[in-house]
Amino acid sequence: MHGGKRLLTVLILIGLALGCVAGQWLYDPDYSAHDAREKIKQARAHLDDPAGGEISTQRLIRLRQLAGAEPWHFHKHGDALRYLYFIGNNIFMKALKMLIIPLVMSSVIVGVISVGDFSRLGRIGLKTLIYYFATMFVAVTIGLVLVNAIRPGDRIEQTQREEAPTTYRETGKEQRVEANAPPGLGGALLNIVDQMIPANPIAAAAAGRPLPVICFSLLFGVLLTMIGPQGRVVGQFFEAIFEVMMRMVGLVLWMAPVGVFCLVAWSLARIGFGVFATAIGTYMLTVLTGLGIHALIILPLLLWIFSRTKPWKFFNQMRQALATAGGTASSSATLPVTIRCAEDAGVSKKAAGFVLPLGATINMDGTALYEAVAVVFLAQAWGVEIGLQQNVIIALTATLAAVGAAGIPEAGLVTMAIVVAAVNQSVLGPDPTTRTIPLAAIGLIIGVDRILDMCRTSINVWGDAVGAMIISRTEPDEPVQDS
Ligand code: ASP
């Protein structure tokens, strides 16, 4: 590895480790997101209807501040958290997000051009999709075996069940979660297809939605190779954009040590590692064990069998991307770093350009495993019987829900509603007393979701990288013919 890159990797890992330490150090055991949301609600109500008439200007300013605050502003270290959030989210995450659309567009077009012919592209596309679905399905199966064996839901107490709906309603996730629930399995499929076709590619790009941009660029790239010499100029244009974007990634990455530190510290300061010792902690450990098995056994085995690449070496080469994924909890924001690391590790241009962007939006092994474990956990906590039929349904819908989840923080939590709805549909019978999982049960796990999100996103990115290396080795570049 080049000296500068090695230094950067070390700095990012130090940022990650220090972020964990600082997060735990800043942790405020008295902080309750629930109480904080109550205070915000009261301030808003008071502003709308000031009891007793006139309010002084100073009080009005204070009330407005409170009404517009985030719950974590009420944390003992609210000011520190505000700066951490600003640097991590408003500077580092934004800088990464700024790269996504131009990078996705140019990398997919360059990737398609480098594949050359259409039938080869079809074969690579098919292999890529088989890899994505097969690995997600394996991940889900690992999660299901673990959660059924460990049964973390049995440890949940009545009071925790009673508090869950309030948390669920207050966090403002209600609408987003419920929008996912009604479509069921067929609806989930249609939703994915619907997302792929942009009515207006410029609007999709402006809205920062990678999936429609990928689909448009794929088609554009294929047709570009078919129009002869005119197409070559445009191809070179996108190659130049791609090179510039990669250099920009190189620059933005120097912010990563501080950015990752801030994001990790901000996340952990609100949760604290002590959560692992609670009943929810057993659920979290179940998810983490599953992620560990998938990332350290299954994916390395596949990597070795299909590409003869040394897993540990490749893992090391991907460390910048994996740490960035952990910090940002977003596969899409990490994509620029993933492409850069994968190219440096020897992944071909076509695999890096084509397999990785697609993977960042649809291949989510970690999310699929997490959704399956979470839904069975909630079923156990609410006393819903999960038999073989329900396990199969969960395996299928969790895979689809993960495909449909965007590569952004907490997307998996929201699309989990699809899995909950499918399980409920299958347990409902003629008996009116049959128990189902209330959607509001998700409130039980919202509070700890960020830690799991950081971990599952790293595994999502690791799965993408392994897939790109496998495709790269099994579909080697053909020597370029000089005309
Ligand atoms: N944050 C994850 C990702 O970007 C998606 C999820 O919420 O599971 O890959």
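Figure 1. Two residues are in contact if their C-beta atoms, placed from the backbone, lie within 7 Å. Helices (H or I, at least four residues) and strands (E, at least two) are DSSP runs, numbered from the N terminus. Because 17 other C-beta atoms lie within 10 Å, Ser 426 is partly exposed. A residue is buried if 20 or more other C-beta atoms, placed from the backbone, lie within 10 Å of its own, exposed if 12 or fewer, and partly exposed in between. Ile 202 is 224 residues from Ser 426 along the chain, and their C-alpha atoms are separated by 41 Å. Residues are numbered from 1 along each chain as its sequence is written. The model is predicted: local features need pLDDT of at least 70, side-chain atom pairs count only at pLDDT 80 or more, and totals for chains, interfaces and linings use all residues.

**Figure 2. The shell around the ligand.** There are 16 residues around the ligand. Ser 331, Thr 367, Gly 407, Ala 411 and Gly 412 come nearest. A residue is near a molecule or strand if its C-beta atom, placed from the backbone, lies within 6 Å of it. Helix 20 (411-427) and helix 22 (449-474) each supply at least two residues of the shell. Helix 22 gives the largest share, 4 residues. By type, the shell holds 6 nonpolar, 7 polar and 3 charged residues. Ala, Val, Leu, Ile, Met, Phe, Trp, Tyr, Cys and Pro count as nonpolar, Asp, Glu, Lys and Arg as charged, and the others, Gly among them, as polar.

**Figure 3. Met 469 in helix 22.** Met 469 is buried because it has 27 other C-beta atoms within 10 Å. Leaving aside neighbours within four places in sequence, Met 469 is in contact with Leu 303, Ser 307, Thr 309, Phe 314 and Val 347. Thr 338 is 131 residues from Met 469 in sequence, and the two lie 12 Å apart in space, C-alpha to C-alpha.

**Figure 4. The largest nonpolar core.** This core has 143 residues. Ala 372, Val 373, Val 375, Val 376, Met 416, Val 419 and Ala 468 touch the most other members. Helix 4 (residues 78-115) gives the most to this core, with 16 residues. A nonpolar core is a set of buried Ala, Val, Leu, Ile, Met, Phe, Trp, Tyr and Cys residues joined through C-beta atoms within 7 Å. Val 373 touches Gly 143, Leu 146, Val 147, Thr 286, Val 287 and Gly 290, not counting residues up to four places away in sequence.

**Figure 5. Helix 11 and its packing partners.** Phe 238, Phe 242, Met 245 and Val 249 of helix 11 are buried. The buried residues of helix 11 pack against helix 4 and helix 16 (331-344). Helix 11 (residues 229-252) has 24 residues, so at 1.5 Å a residue it should span 34 Å; its end C-alpha atoms are 35 Å apart, which agrees. The expected span is 1.5 Å times one less than the number of residues.

**Figure 6. Helix 12 and the glycine after it.** Helix 12 (residues 256-271) is mostly covered, with 15 of its 16 residues buried. From first C-alpha to last, helix 12 reaches 22 Å, close to the 22 Å expected at 1.5 Å a residue. Just after helix 12, Gly 272 takes a positive phi of about 80°.

**Figure 7. Positive phi at Arg 308 and Glu 410.** Most residues other than glycine have a negative phi. Arg 308 has a positive phi, near 55°. Arg 308 sits in the loop between helix 13 (279-307) and helix 14 (311-317). Arg 308 counts as exposed because it has 8 C-beta neighbours inside 10 Å. Glu 410 also has a positive phi, about 65°. Glu 410 lies in the loop between helix 19 (388-404) and helix 20. With 19 other C-beta atoms within 10 Å, Glu 410 is partly exposed.
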